[in-house]
Amino acid sequence: MDGFFHHSRLLRCRVPQGAVPCGTDVTIAAEVGGSLAAADIVLRVWQDGAGEQRFPMPVENGRAEVLLPLPERPGLVWYYFILTLPDGRVCYYGAQSGPGRLMEQEPPSYRITVYDADYETPAWFKEGVCYQIFPDRFRRSSWEDFHARLGAHAALGRRARVHERWSEAPLTTPPPGRDDYEPDDYFGGDLNGIREKLDYIASLGVTCLYLNPVFSAASNHRYNTADYLAIDPLLGTEADFALLCREARARGIRIMLDGVFSHTGSDSIYFNKEGSYGEHSGAYRDPDSPYRAWYNFLEYPEQYECWWGFPTLPNVRELTPSYIDFIAGENGVLAHWAELGATSWRLDVADELPDQFIRILRKRVKAIDPEGVLLGEVWDEPSAKTGPEGRRGYVNGDELDSVMNYCFTDAVIAFLTGRTDAFAFADALAFLREQYPKPFYDAALNLVSSHDVVRAATALSGAPSRHALTRAQQAAYAPAPEDAARGRLRLLLATAIQTALPGVPCLYYGDEAGLTGMGDPFNRAAFPWGAEDTALLDGIRRLLTLRKKNAALRNGRCRMGALSGELFCIVRYTDTSAALLLVNRSETKQQALLLPDALPEGPDADVPLPLSGDYTDQNGTRYHAEGSVSLTLPPLCATLLIRGED
């Protein structure tokens with residue numbers, strides 16, 4: 001060898017791999033050869049808010065290494081290599097992740113995430129499957145009951161444009177007499193409708209049901225909360241909710257609620273700008289209101305801080321003591337819904353909540369139920385995300401259990417639609433694994449679509465970015481039939497990857513039935529009961545239910561990587577079971593060959609791949625392997641081979 005080599009995801013260069021608990025000693029090593037063996041090598045290391053350290057790395061037998069003691073507090077540790085050559089020239093070696101390269105200027109820096117050694121996340125969540133429901137659009141239990149409940153909505157002065165047919169498209173134009181679109185159209189989906197379909201949901205292998213907001217609000221999305229302590233009457237009653245929780249739990253399904261705690265609605269008990277709750281109630285109408293301290297009025301009452309400039313969404317000052325007590329106190333919002341059966345929460349816009357507030361929420365959630373989950377909506381890679389207070393503490397171990405893994409979403413759609421290849425996809429996934437603490441990584445919500453992004457089948461058909469189209473263009477957009485068919489096949493590939501990858505597969509209601517649509521509100525159509533794409537539904541069901549049957553898929557070791565530019569592979573394995581996923585994203589057949597020494601990256605690379613044995617794929621086809629796996633994969637195909645169960 002004539003050069004310098006370090007690869008942050010290989011055990012021979014860094015051990016232990018990835019994020020590590022506080023106080024861990026990490027061995028950092030490099031392979032050095034040729035003329036560079038005579039260089040003076042120094043490892044430059046620094047931590048957030050701390051000074052740098054430099055560690056000499058003498059070369060012995062072509063290898064330079066140092067034992068790096070990591071700090072006793074959570075944070076990020078950064079490093080790169082400085083090489084001073086015998087002639088006095090200085091060069092640097094570094095990268096964000098993986099293999100680096102020599103440079104004449106300061107390079108990108110490797111980093112190590114350091115987290116609380118006591119950090120744990122609930123096993124039931126990590127090993128399960130999540131299903132997300134937008135409540136108004138999943139199922140209506142009774143047309144008559146829905147119309148009767150509209151009276152309570154109207155009594156507060158709220159409009160409701162009612163869809164007479166369940167199969168209608170969501171409305172996208174302003175209501176009569178208005179200039180702007182408003183989310184005031186309703187299909188009548190309700191809590192009893194969800195409860196009546198619990199057997200269907202359970203048939204998908206689901207263990208966690210994530211509901212978009214269910215609290216009283218003036219819109220169909222309910223992110224403009226009017227009353228945190230009341231079920232929206234259009235959805236039913238507290239008794240309906242408690243019954244849903246009980247019957248779900250009887251099927252092994254827990255409920256996760258959507259907590260919108262960074263802002264309220266202007267039409268709410270707390271703000272009452274519209275006067276729905278009387279003339280002397282709420283912070284807007286009553287300067288002596290007990291809720292007055294929750295809001296920041298710049299000029300009372302007309303000028304106030306609001307979410308992203310929307311006057312209907314006044315921001316809350318989350319660290320106001322009375323607000324903390326209201327949400328997380330002994331008789332607060334978290335406790336109220338826990339009594340009815342829901343102890344897990346997804347935090348809306350978690351990156352707009354103070355770290356201190358998130359820590360308070362976590363402490364309370366875990367005090368109520370140690371198995372409760374606190375999941376954050378964080379769109380960027382969370383371990384290094386910063387805000388006004390500095391680096392956010394999402395992964396430290398005292399805040400979130402994990403996040404909605406939109407980094408995964410972007411990576412899987414880019415790979416399956418051909419914008420990147422399997423090598424880039426493998427790098428993207430390995431980078432996340434490297435940065436996330438294992439408890440956080442295993443609990444990451446791996447989603448392909450949601451209420452905030454383009455529907456999976458549409459995105460995977462090759463649709464343009466929603467940001468490149470006007471609302472009218474999004475409403476009119478429909479992929480060509482051959483592209484739509486391709487999108488559905490790719491959705492099966494995406495689901496297979498979700499099933500096999502560590503983390504929690506999340507299915508957005510109706511994706512399994514073939515629902516399509518661009519961005520909000522086009523991604524919020526009603527579930528097509530009676531008109532499902534049964535081939536897609538059956539394929540997704542077969543994949544997701546394997547999580548319950550195979551221990552390797554739930555909590556096994558993981559090796560993953562590219563076998564070619566078109567082929568991606570994941571291997572999960574325990575001492576008694578194994579699952580091998582082979583994905584061909586191309587439109588031509590491909591020969592896949594998996595050898596024992598393949599997939600060398602990651603923390604499990606020192607445990608040999610157990611390839612030999614008798615396997616069955618997700619369709620029941622049997623396969624026998626002796627030492628290696630060789631398969632011809634049809635176009636747009638994912639084969640998940642299973643050996644052993646529990």
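**Notes on a strand, a loop residue and a helix**

1. In this predicted model, Y131 has L209 as its bridge partner in strand β16. The strand that holds Y131 is β13, residues 130-133, and β13 pairs with β16 (residues 208-211) in the parallel sense over four bridges.

2. Strand β13 also pairs with strand β28 (residues 504-508), again in the parallel sense, here over three bridges, and within β28 the bridge partner of Q132 is Y508.

3. Which way do the residues of β13 point? C130 and Q132 point one way from the strand, whereas Y131 and I133 point the other way, and all of them are buried. In a regular strand the side chains alternate between the two faces of the sheet.

4. Turning to a loop, D369 lies between α8 (355-368) and β23 (374-376). Its relative accessible area is 15%, and because buried means under 20%, D369 counts as buried. The side chain of D369 reaches the backbone nitrogen of E371 at 2.9 Å, and, if neighbours within four places in sequence are left aside, D369 is in contact with R254 and T343.

5. Why is helix α9 described as largely enclosed by the rest of the structure? Ten of the eleven residues of this helix (residues 406-416) are buried, so the description follows from that count; among the buried residues are Y406, F408, V412 and L416.

6. What covers the buried residues of α9 includes the helices α10 (422-435), α12 (456-459) and α14 (481-500), together with the strands β27 (445-447), β30 (567-573) and β31 (578-584). Just after α9, G418 takes a positive phi of about 85 degrees.

Methods: Residues are numbered from 1 along each chain as its sequence is written. This is a predicted model: local features need pLDDT of at least 70, side-chain atom pairs count only at pLDDT 80 or more; totals for chains, interfaces and linings use all residues. Side-chain values use heavy atoms; hydrogens and water are left out. Buried means under 20% relative accessible area, exposed over 50%, partly exposed in between (1.4 Å probe, protein chains only). Helices (H or I, at least four residues) and strands (E, at least two) are DSSP runs, numbered from the N terminus. Two strands pair if DSSP finds at least two bridges between them. A polar contact is a pair of N or O atoms within 3.5 Å; within protein, one must be able to donate a hydrogen and the other to accept it, and residues adjacent in sequence count only if both atoms are side-chain atoms. Contact means heavy atoms within 4.5 Å.
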